[in-house]
Structures are given as structure tokens and as C-alpha cells.
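Q: I would like to learn how to read a helical fold from its coordinates. Where should I begin?

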Amino acid sequence: MDHMSPRLRAFLSEPIGEKDVAWVDGISRELAINLVTKGFNKAYILLGQFLLMHKNEAEFQKWLICCCGATEHEAQESSHCLKEWCSCFL
């Protein structure tokens, strides 16, 4: 099993509920602000975008980088987080 950061472990410990987008592992404060201005203020809304992309991590990462200003590292961490959440709860 991969090493899990404390932030990822916390995110995976419960249903997504009404968590702010900043709870998603890999989402920095700056990226969270960018996402909120684009209407992605909740983690479940970002998860919805991930699901619309058929859980394709590469496509989701490209979207985060190109459309939301994420770094490559942020995009990788957040897509991994959402993929792991789907594995646990869907």
C-alpha cells in the first residue's frame, strides 16, 4: 500500500459531505481560491468533475493544470486523492 499523507488519510476517513474543496489532498490555498472562483467550492463538486471525466486521472490532471492553475504535483495529488476516495466509497 502506498504511503498516505495525514491529509489523505483524513479525507478518506469519512464520506465527502459538505467539505470545502481545500480538504482535498493536493489542493493548496492558492489553487483552492482559483477553484472557488470557478464555482468548485465544495469537494463533492470537484469529485463530480472527476467523475464526468470517467475517473481518468490524466485527463483530470490536465484540466486542473490548464483551467485552474494547478501545478503538476497538485494535480497528481488531488487526482490520486479523488481516485482513492472513489475506491473507498463508490
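A: Begin with the elements: helices (H or I, at least four residues) and strands (E, at least two) are DSSP runs, numbered from the N terminus. By that count the protein chain has 5 helices and 0 strands, in the order α-α-α-α-α from the N terminus on. The model is predicted: local features need pLDDT of at least 70 and side-chain atom pairs count only at pLDDT 80 or more, while totals for chains, interfaces and linings use all residues. Residues are numbered from 1 along each chain as its sequence is written, and side-chain values use heavy atoms, with hydrogens and water left out.

Q: What share of the residues counts as buried?

A: Buried means under 20% relative accessible area, exposed over 50%, and partly exposed in between (1.4 Å probe, protein chains only). Of the 90 residues of the protein chain, 40% count as buried.

Q: Which residues of the largest nonpolar core touch the most other members?

A: A nonpolar core is a set of buried Ala, Val, Leu, Ile, Met, Phe, Trp, Tyr and Cys residues joined through side-chain atoms within 4.5 Å. The largest one has 27 residues, and Phe11, Leu35, Leu46 and Trp63 touch the most other members. Two or more residues come from each of α1 (6–12), α2 (29–37), α3 (43–52), α4 (57–68) and α5 (72–89). The most come from α5, which gives 5 residues.

Q: With which residues is leucine 46 in contact, leaving aside neighbours within four places in sequence?

A: Contact means heavy atoms within 4.5 Å. With those neighbours left aside, leucine 46 is in contact with Val21, Val24, Ile27, Leu35, Phe40, Phe60, Trp63 and Leu82.

Q: What span should α4 have, given its 12 residues?

A: The expected span of a helix is 1.5 Å times one less than its number of residues. For α4 that rule gives 16 Å, and the end C-alpha atoms are 15 Å apart, which agrees.

Q: Which residues of α4 are buried, and which exposed residues does the face turned away from them carry?

A: Phe60, Gln61, Trp63, Leu64 and Cys68 are buried in α4. They cover an arc of only 160° around the axis, which puts them on the same side of α4; the arc is that of the directions from the helix axis to the C-beta atoms. Their cover includes α2, α3 and α5. The face turned away from the buried side carries the exposed residues Ala58, Lys62 and Cys66.

Q: What caps the N-terminal end of α4?

A: Asparagine 56 does, with a side-chain oxygen 3.1 Å from the backbone nitrogen of alanine 58. Just after α4, glycine 69 takes a positive phi of about 80°.

Q: Where does histidine 54 lie?

A: Histidine 54 lies in the loop between α3 and α4, and is exposed, with a relative accessible area of 71%. Although not a glycine, histidine 54 has a positive phi of about 55°. Lysine 55 is found in the loop between α3 and α4, and also has a positive phi of about 55°.

Methods
Polar contact = N/O pair within 3.5 Å; in protein donor to acceptor, adjacent residues only side chain to side chain.
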